[in-house]
Amino acid sequence: MDTMRDRFAPVVSRLLDEDPRVAVVLAEIGLAPFAQAARRHPDRVINVGIREQLLVGAGAGLALAGLRPVLHTFASFLVERPFEQVKLDFGHQDVGGVLVSAGGSYDVSAGGFTHMAPGDVALLDTLDGWTVHVPGHPDEAEALLRHAVADGDERVYVRLSAQANREPLVVDGARFLTVREGRGGVVVAVGPMLDNVLAATEGLDVTVLYASTVRPFDSGALRRAVGEGGAADVVLVEPYLAGTSTAAANDALADLPHRVLGLGVGRRELRRYGLMEDHIAAHGLDAATLRTRIGDFVGTPPVTG
């Protein structure tokens, strides 16, 4: 199976052909796959070199000129390093664009902590008006990329990952999907966490919701899954900083008795970099550890036949 990032350049290259408003801004990383598109559209495929602050500033300038800019590099260089430009050039100027990251929390683990950004979604949460897509499969990434570019003049972040679920779901860029129904709690699996969550909750009497778009947070879907009677136990399993969506879940259930457990990447830096799979296990996001953590929290015994 190809990766989410493998889909990025072909999809956006076609969008460049289809829509004269679309422009791509790169900071050296990811340049080669756009070589043909750059020859067809030299004025709308722009490489600023290894200058991430300029990457964001140039993209916002294109938005001010009426274009729909798509900016791409690793998450740590797209959100963390030029955060002031994201805040001011897009937010304060109130213009739209599409930020498409790769690398995520630990995909490029061999590159060390400079190439990891588990806090990217939490950081964007400090700003107003950002839609955040976290696809769990290359097919979903393609659909959400198209949705993001077509999304008027909104500010959109698309978080691509090397980790992926085996099968795609039909996503619409807004709603959580109900994957499994139960009565003993609700588990929200975000993007590429779904396969591990499904394995972890096999035989447990819990509802599993799937979120490939986390901002805006689908409060209605969570409330429907919880229901109106009794107390609610909710577990959020996110592929970035643990607890990033805890406040959103609490707000959704503010008038109901509930508990929320946020699982994700811990704050402790893992200094022995290892492989992506090693980081998943070290942060307790593998299926076996998730089963223990979820089961201990909701206190749901396995369903027997």
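## Stop 1: the cores

Start with Tyr157 and Leu222, the residues with the most contacts inside the largest nonpolar core, which has 47 residues. Helix α3 (residues 52–64) gives the most to this core, namely 5 residues. A second, separate core has 25 residues, including Val206, Val208, Met276 and Ile280.

Some terms before moving on. A nonpolar core is a set of buried Ala, Val, Leu, Ile, Met, Phe, Trp, Tyr and Cys residues joined through side-chain atoms within 4.5 Å. Buried means under 20% relative accessible area, exposed means over 50%, and partly exposed lies in between (1.4 Å probe, protein chains only). Helices (H or I, at least four residues) and strands (E, at least two) are DSSP runs, numbered from the N terminus.

The model is predicted: local features need pLDDT of at least 70 and side-chain atom pairs count only at pLDDT 80 or more, while totals for chains, interfaces and linings use all residues. Residues are numbered from 1 along each chain as its sequence is written, and side-chain values use heavy atoms, with hydrogens and water left out.

Now show the neighbours of Tyr157. Leaving out residues up to four places away in sequence, Tyr157 touches Ala75, Leu78, Val79, Leu99, Ser101, Asp120, Val121, Leu124, Trp130, Thr131, Val132 and His133. Contact here means heavy atoms within 4.5 Å. In soluble globular proteins, nonpolar side chains tend to be buried together.

## Stop 2: the rings

How many aromatic pairs does the structure hold? There are 4. Rings of Phe, Tyr and Trp (its six-membered ring) pair if their centres lie within 6.5 Å; planes under 30 degrees apart count as stacked, over 60 as edge-to-face, and the rest as tilted.

Select Phe8 and Phe34. Their ring centres are 5.6 Å apart and their planes stand at 75 degrees, so this pair is edge-to-face. It links distant parts of the chain, 26 residues apart: Phe8 is in helix α1 (residues 4–18), and Phe34 is in the loop between β1 (22–26) and α2 (35–40). Phe8 is buried at 2% relative accessibility. Phe34 is buried too, at 1%.

Next, pick Phe74 and Phe77. This aromatic pair is tilted, with 6.0 Å from centre to centre and 45 degrees between the planes. Phe74 is buried at 12% relative accessibility, and Phe77 is buried at 8%.

Then go to Arg259. Its charged end sits over the ring of Phe297, 4.1 Å from the ring centre. The criterion: NZ of Lys or CZ of Arg within 6 Å of the ring centre and within 35 degrees of the ring normal.

## Stop 3: the backbone

Most residues other than glycine have a negative phi, and most peptide bonds are trans.

- Arg215 and Pro216 are joined by a cis peptide bond, with omega about -5 degrees. Pro216 is in the loop between β10 (213–215) and α9 (219–226).
- Glu28 has a positive phi, near 75 degrees. Glu28 is in the loop between β1 and α2 and is partly exposed at 39% relative accessibility.
- Asp94 has a positive phi, near 55 degrees. Asp94 lies in the loop between α5 (83–92) and β4 (97–102) and is exposed at 57%.

## Stop 4: the charges

The structure holds 18 salt bridges. Each is a side-chain nitrogen of Lys or Arg within 4 Å of a carboxyl oxygen of Asp or Glu.

Return to Arg215. It forms a salt bridge with Asp125, with the closest N and O atoms 2.8 Å apart. Arg215 lies in strand β10 and Asp125 in the loop between α6 (120–124) and β5 (130–133), so the pair ties together parts that are 90 residues apart in sequence. Arg215 is buried at 9%; Asp125 is partly exposed at 35%.

Select Arg166 and Asp195. Their side chains meet in a salt bridge (3.7 Å, N to O). Is Arg166 buried or exposed? Arg166 is exposed, at 65% relative accessibility, whereas Asp195 is buried at 15%.

Last, Glu269 and Arg271 form a salt bridge, with the closest N and O atoms 3.5 Å apart. To finish, select Asp2, Arg7, Arg14, Asp139 and Glu142: salt bridges that share partners join them into one network.
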